[in-house]
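Student: I have a structure to study and some questions about it. Can we go through them together?

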Amino acid sequence: MHDMNSASIKLALVAVCAVAVAARMGAVYWNAPYAHGDVTLYSAGAESLARQGRLLISAETEKPFFYSLKKTGGRLLEHNPLFAVLGAGLVKVFGVSGYTSQQALSFAGGLLLLALVWIYAKRIGGARTAALAVSLASFSYLLIDFSGNGSFYGFQAALYLLLLLALEIKGKPMSPIVAGGALGLGALLNQQTVAMAAALIVSLVIIYRGRWRQALRYALISFGVAFALWLPWGVRNYLVF
């Protein structure tokens, strides 16, 4: 903490965080009138799960959607379920709309991303580097918008950083568990996160070169945790489709 003794740096960091939160709250307000792309599907899925116990693309109509298999009625959510399931919890507890639940999750994901940027950057470069990294992330237009439009991209980026943090603490017993958690949540969030699995394998080869038993043990634990998180969704899809 010796490089954070400067009061000016601390004050600047507080100011950046305040602006970051305000900007992301603004993004929630600016995006309130309409939903973006697949957010509409997750919004409907959150509402239908909370009120009917089913993950439906639309809770209001029987019309089949091209996003879902016709032979199963064309209304079941086939997208990765994490944001819809989390949103259903908010709908159930707070009585908000499905879209509001998605906006709340994207807002939380945006703040989580900033926190992880700080933690990771501080570990690899010190507090001054972390303050600069958080500032850049805080004022990024895309990261602001993704923190209020209901999309999961802020949370997805946070999972990437979580994987990096897990590798950064590779000597600790929790490291492969945290890495597996990031992989499993990623699999439940979006297909794009399959890249994390490849990144983990390549990273383990580089980190543990010549120590294959350690690398294999880390990989088995990580992918075991990831598989356990994904399994209920995989079984559901097998039975339904």
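**Rings and helices**

Tutor: This is a predicted model. Ring pairs join Tyr42, Phe83, Phe146, Phe152, Tyr153 and Phe155 into a cluster.

Student: How many aromatic pairs does the count come to?

Tutor: Two rings pair if their centres lie within 6.5 Å. By this rule the count is seven aromatic pairs.

Student: Which kind of aromatic pair do Phe83 and Phe152 form?

Tutor: A ring pair is described by the distance of the centres and the angle of the planes. For Phe83 and Phe152, the centres are 6.3 Å apart and the planes stand at 90 degrees. Planes over 60 degrees apart count as edge-to-face. So the pair is edge-to-face.

Student: Where in the chain do Phe83 and Phe152 lie, and how many residues apart?

Tutor: Phe83 is in helix H3, residues 82-94. Phe152 is in the loop between helix H6 (141-145) and H7. The pair links distant parts of the chain, 69 residues apart.

Student: Are Phe83 and Phe152 buried or exposed?

Tutor: Buried means under 20% relative accessible area. Both Phe83 and Phe152 are buried.

Student: How do H7 and H9 lie to each other, roughly parallel or roughly antiparallel?

Tutor: The axes of H7 (residues 153-168) and H9 (residues 194-207) come within 11 Å and cross at roughly 20 degrees. Angles under 35 degrees count as roughly parallel. Therefore H7 and H9 are roughly parallel.

Student: Which residues of H9 make the contact with H7?

Tutor: On the H7 side, the contact is made by Leu159, Tyr160, Leu163 and Leu167. On the H9 side, the residues are Met196, Leu200, Ser203, Leu204 and Ile207.

Note on methods: Residues numbered from 1 in each chain as written. Predicted model: local features only at pLDDT ≥ 70, side-chain atom pairs only at ≥ 80, totals over all residues. Heavy atoms only, no water. Axes fitted to C-alpha atoms, helices over the stretch in contact; angles between N-to-C directions. Helix = DSSP H or I, 4+ residues; strand = E, 2+ residues; numbered from the N terminus. Parallel < 35°, antiparallel > 145°, perpendicular 65-115°, else oblique. Contact = heavy atoms within 4.5 Å. Phe/Tyr/Trp six-rings, centres within 6.5 Å; stacked < 30°, edge-to-face > 60°. Buried < 20%, exposed > 50% of the residue type's maximum accessible area, 1.4 Å probe, protein only.
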